[in-house]
Amino acid sequence: MNKTQNNKAWFLVLPVLAIVSLNAIVPLMTVVNYSVQETFGNNLFFFEGVRWFREVLDSERFQDSLLRQFSFTGIILAIEIPLGVAIALSMPKKGIWASVCLVLMSLPLLIPWNVVGAMWNIFALPDIGLLGYTLNAMGFDYNFTRQAISAWFTVILMDVWHWTSLVVLLAYAGLRSIDDSYYQAARIDGASKWAVFLYIQLPKLKHVLTLAFLLRFIDSFMIYTEPFVLTGGGPGNTTTFLSIDLVKSALGEFNLGAAGAMSLIYFLMTLLVCWLFYTLAMRGEER
Amino acid sequence: MARIDLQHLKHSYIENPMVEDDYALKEVHYTWEDGGAYALLGPSGCGKTTLLNIISGLLRVSEGKILFDGKDVTALQPEGRNIAQVFQFPVVYDTMSVHDNLAFPLRNRGVDEDEVKRRVSETLDMLDLTKWSEKKARGLTADVKQKISLGRGMVRSDVNAILFDEPLTVIDPHLKWQLRSQLKLLHKQFGHTMVYVTHDQTEALTFADKVVVMYEGEIVQIGTPEELFERPSHTFVGYFIGSPGMNVLPVNIEGRTARIGGTEFELAGTPELKPGVRTDLGIRPEFIVLGEKGIPVSVQKVEDVGHHKIVRAAIEGQDISIVIGESASVPADPHVVFDRERVSIYADDWRVEMGG
């Protein structure tokens with residue numbers, strides 16, 4: 001059967017294209033605009049080529065926050081993904097307790113970022129906060145406003161508390177979608193619990209875990225509010241992640257060119273990592 | 001290989017079953033002989049799969065006992081029962097190759113690698129899967145996947161029984177025949193006890209030595225295909241086996257005389273009836289002769305199904321089907337005669353014997 005070629009339907013996409021260009025492409029282009037120019041007062045702009053990009057990439061400050069950013073994202077992914085899967089595996093499959101667990105799990109996800117930051121700030125205060133006080137009472141020297149280690153510990157713990165649930169919910173949904181006959185067949189085949197996890201559950205979770213990984217990567221790579229409220233990037237610069245640094249540079253120092261270049265580098269990095277990960281994860285998949 | 005005794009099994013999915021209808025499986029008491037090929041036949045929801053899962057241990061039975069060769073296995077998990085089961089829809093381990101899929105049940109049981117290789121390549125050969133051996137199971141078509149499932153069921157030589165739960169549902173018709181013959185061959189070769197669940201009578205009748213017909217959680221008849229056809233012990237069996245099914249007509253019995261509406265005729269014997277039961281007469285469409293003598297019928301339509309014709313007619317307002325030869329024709333004033341020896345009488349749906 002011959003299909004008639006008719007591409008007129010593409011015109012229907014035009015309104016969407018118009019809206020997307022207004023809300024995404026135009027703002028992005030202003031950033032591109034800043035990133036290649038030097039600004040003086042009175043709206044005087046001079047073309048600078050790639051100077052800002054070179055400067056940003058060469059600066060120790062950027063490299064340091066980038067390193068901090070990757071360390072943070074790496075650590076929270078290494079904790080949240082396995083932990084989320086483990087929790088999802090141990091949750092009840094049905095009945096009232098399944099619902100109770102799901103609601104409890106969703107709670108942290110419903111709390112706004114700045115509230116989470118403020119909560120943990122108070123929670124972790126060494127003299128009056130429950131966590132801070134308890135740790136100190138147990139003999140740990142803990143003060144997140146003064147010690148880099150304590151600050152990192154608190155930021156990571158906060159993120160794990162806030163976002164592991166997302167991985168749990170995705171993994172739980174993935175687990176529920178596995179047909180019973182797989183478990184039955186595994187029992188007939190005499191498979192151990194570990195074998196069931198390795199050969200049935202994990203392969204079936206691949207897609208949701210890819211999604212969870214991407215979401216958590218993007219989100220944690222762009223994290224701003226929570227550490228900003230909790231530590232303000234300190235002590236010193238020890239918890240100054242990329243976005244905090246970017247805001248400092250753009251709004252604190254009004255360094256528009258450098259900030260524009262940094263934004264673009266930042267954006268392209270996120271895009272690149274996501275693309276790489278997705279391509280690798282989906283390799284060998286039919287369709 | 002084992003003899004399997006099912007002793008007074010009853011199963012309910014409800015926690016505290018009160019009435020008979022709460023049971024998905026009502027009182028099953030039966031022995032599967034060692035090395036027998038059985039088919040469990042019945043409509044959807046009649047308890048076939050429940051019974052199968054109870055035998056394999058996937059379900060813990062509510063009441064009763066299961067013995068393998070005299071040993072009580074009621075409390076054992078499937079892995080302890082050494083049973084193979086093939087499910088309706090293909091279950092494969094996506095990330096493993098076809099070879100590893102088949103090797104999986106063996107490796108889990110610590111069989112040494114040389115033996116694994118030998119058994120797996122034998123099974124692959126038998127199912128014509130050798131050319132896929134090194135492929136990942138994920139991308140294969142449904143019928144190859146189902147062959148893998150079958151292979152995993154058959155790869156262990158020492159199993160007590162192999163259970164099949166409608167395994168050929170997803171297989172193409174032309175492959176179905178071939179696979180069923182292979183299963184049959186396998187059964188002859190290794191003598192495993194095999195139980196095959198299906199709702200397709202052709203499948204059941206061609207696969208099994210003994211067909212077990214289930215209806216609403218009960219076994220209504222166990223017999224050879226011939227017995228099921230000639231002497232259905234329950235009206236359901238008569239209706240379910242054969243195409244078209246047996247004609248079942250409400251009848252009044254007095255001694256040897258049967259009366260349908262205003263028509264009377266003699267039976268081959270006197271049915272042994274308890275008073276107050278509902279009586280039906282069962283006669284297969286194949287055993288009715290259409291001619292110009294006997295009971296008058298009105299013919300509604302004639303369906304030509306190729307090798308014979310099916311006449312849809314009515315006696316005293318009751319629909320019946322009659323099978324006639326491909327070249328036979330319907331007379332102008334149609335009458336029918338029932339083959340007396342083939343008439344069965346049913347009391348409350350159960351067949352009664354004819355007395356002298």
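This is a predicted model: local features need pLDDT of at least 70, side-chain atom pairs count only at pLDDT 80 or more; totals for chains, interfaces and linings use all residues.
On the side of chain B that touches chain A, at least two residues each come from helix H1 (48-56), helix H2 (78-81), strand E6 (83-86) and helix H3 (98-108) of chain B. Colour that side by residue class, and its residues divide into 12 nonpolar, eight polar and six charged.

Next, turn to the charged pairs, where the count between chain B and chain A is two salt bridges. One to select is the salt bridge that A:Lys204 forms with B:Asp94, in which the closest N and O atoms are 3.4 Å apart.

Now show the whole contact, to which chain B gives 26 residues and chain A gives 18 residues. About 1,800 Å² is buried between chain B and chain A, and carbon and sulfur atoms give 56% of that area. Within chain B, select B:Leu58, B:Tyr93 and B:Arg138, which lose the most area to chain A and together make up 27% of what that side buries.

Finally, move to another part of chain B, where three strands form an open, antiparallel sheet in the order E12-E13-E14. Its edge strands, each pairing on one side only, are strand E12 (252-254) and strand E14 (263-266) of chain B, and neighbouring strands of the sheet are turned by 25° against each other on average, direction ignored. Zoom in on E12(B) and strand E13 (residues 257-260) of chain B, which run antiparallel and are joined by three bridges; here B:Ile253 has B:Ala258 in E13(B) as its bridge partner.

Key
Residues are numbered from 1 along each chain as its sequence is written. Chains are lettered from A and ligands numbered from 1 in the order in which they are written. Side-chain values use heavy atoms; hydrogens and water are left out. Two strands pair if DSSP finds at least two bridges between them. Helices (H or I, at least four residues) and strands (E, at least two) are DSSP runs, numbered from the N terminus. Axes are lines fitted to C-alpha atoms, for helices over the stretch in contact, and angles run from 0 to 180 degrees between N-to-C directions. Contact means heavy atoms within 4.5 Å. Buried area is the accessible area (1.4 Å probe) that two parts lose on being put together, summed over both. A salt bridge is a side-chain nitrogen of Lys or Arg within 4 Å of a carboxyl oxygen of Asp or Glu. Ala, Val, Leu, Ile, Met, Phe, Trp, Tyr, Cys and Pro count as nonpolar, Asp, Glu, Lys and Arg as charged, and the others, Gly among them, as polar.
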